[in-house]
Amino acid sequence: VKKTIFMCFLFLSIGCGFSNTGKNLTPVNNISIETPKDRYNAIFRENLNRKFKKLDQSKPNYLLKTNISFDTSETISLNKINALKFTKAKVKYSLINADTNVEIKSGTIYTFPALNSASNSLYTNEINIVHVKERLSINSASKLHLQLNLILQNSN
């Protein structure tokens with residue numbers, strides 16, 4: 001009985017290990033990214049460029065138009081004393097085939113909310129909001145990169 005269970009486990013592990021050998025899972029890296037010229041869109045664009053790692057300087061196959069914005073709301077607090085605020089990033093994107101100028105996919109991505117500090121200092125609160133928005137920009141770039149890789153690999 002033990003030998004039979006061991007053999008079944010061995011065959012299952014070998015079968016699962018070779019299940020993706022025939023698939024082409026090369027990452028797509030020939031994308032041109034357009035964003036507005038503000039600070040957080042620039043951070044977002046640079047992180048996306050790092051994720052896609054453009055290897056050659058040939059004409060891009062795809063054009064990605066993105067725009068990141070932030071929504072800030074207050075959380076529940078007692079008598080509005082030291083109310084925490086949370087910020088969410090919202091990324092609107094449109095992926096276009098550069099050769100045919102046909103839109104492949106467009107949509108919106110939301111991040112999980114990030115809490116801001118509840119300090120008495122206005123300077124500390126402003127700096128904290130800047131850091132939160134920078135982190136959300138980086139997180140949004142990672143989420144969009146993963147989603148675009150899935151979209152482009154499924155379309156090929």
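How many helices and strands are there in the protein chain? Three helices and five strands, as the legends below show for this predicted model.

**Figure 1. The protein chain as a whole.** The chain has 156 residues, and 29% of them count as buried. Its accessible surface comes to about 10700 Å², with 58% of that belonging to carbon and sulfur atoms. For contacts between residues at least 6 apart in sequence, 65% link residues at least 24 apart.

**Figure 2. Helix α2 packed with helix α3.** Here residues 39–52 form α2 and residues 122–155 form α3. The axes of the two helices lie 9 Å apart, at an angle of about 40°. The pair is therefore oblique, and α2 passes α3 in a right-handed crossing.

**Figure 3. Residues in the contact of α2 with α3.** On the α2 side, look for Arg39, Tyr40, Ile43, Phe44, Asn47, Leu48, Lys51 and Phe52. Among their partners on α3 are Val130, Lys133, Glu134, Ile138, Ala141, Leu144, His145 and Leu148. The residues of this contact divide into ten nonpolar, six polar and four charged.

**Figure 4. Arg50 of helix α2.** Is Arg50 buried or exposed? Its relative accessible area is 60%, which is over the 50% cut-off, so Arg50 counts as exposed. This residue is found in helix α2. For a handy distance check, Arg50 and Ala141 are 9.6 Å apart in space, C-alpha to C-alpha, while 91 residues separate them in sequence.

How values were computed: Residues are numbered from 1 along each chain as its sequence is written. This is a predicted model: local features need pLDDT of at least 70, side-chain atom pairs count only at pLDDT 80 or more; totals for chains, interfaces and linings use all residues. Side-chain values use heavy atoms; hydrogens and water are left out. Axes are lines fitted to C-alpha atoms, for helices over the stretch in contact, and angles run from 0 to 180 degrees between N-to-C directions. Helices (H or I, at least four residues) and strands (E, at least two) are DSSP runs, numbered from the N terminus. Angles under 35 degrees count as roughly parallel, over 145 as roughly antiparallel, 65 to 115 as roughly perpendicular and the rest as oblique. A crossing is left-handed if the near helix is turned anticlockwise from the far one by less than a right angle, and right-handed if clockwise. Contact means heavy atoms within 4.5 Å. Ala, Val, Leu, Ile, Met, Phe, Trp, Tyr, Cys and Pro count as nonpolar, Asp, Glu, Lys and Arg as charged, and the others, Gly among them, as polar. Buried means under 20% relative accessible area, exposed over 50%, partly exposed in between (1.4 Å probe, protein chains only). Accessible areas come from the Shrake-Rupley method with a 1.4 Å probe; for residues, only the protein chains shown count as cover.
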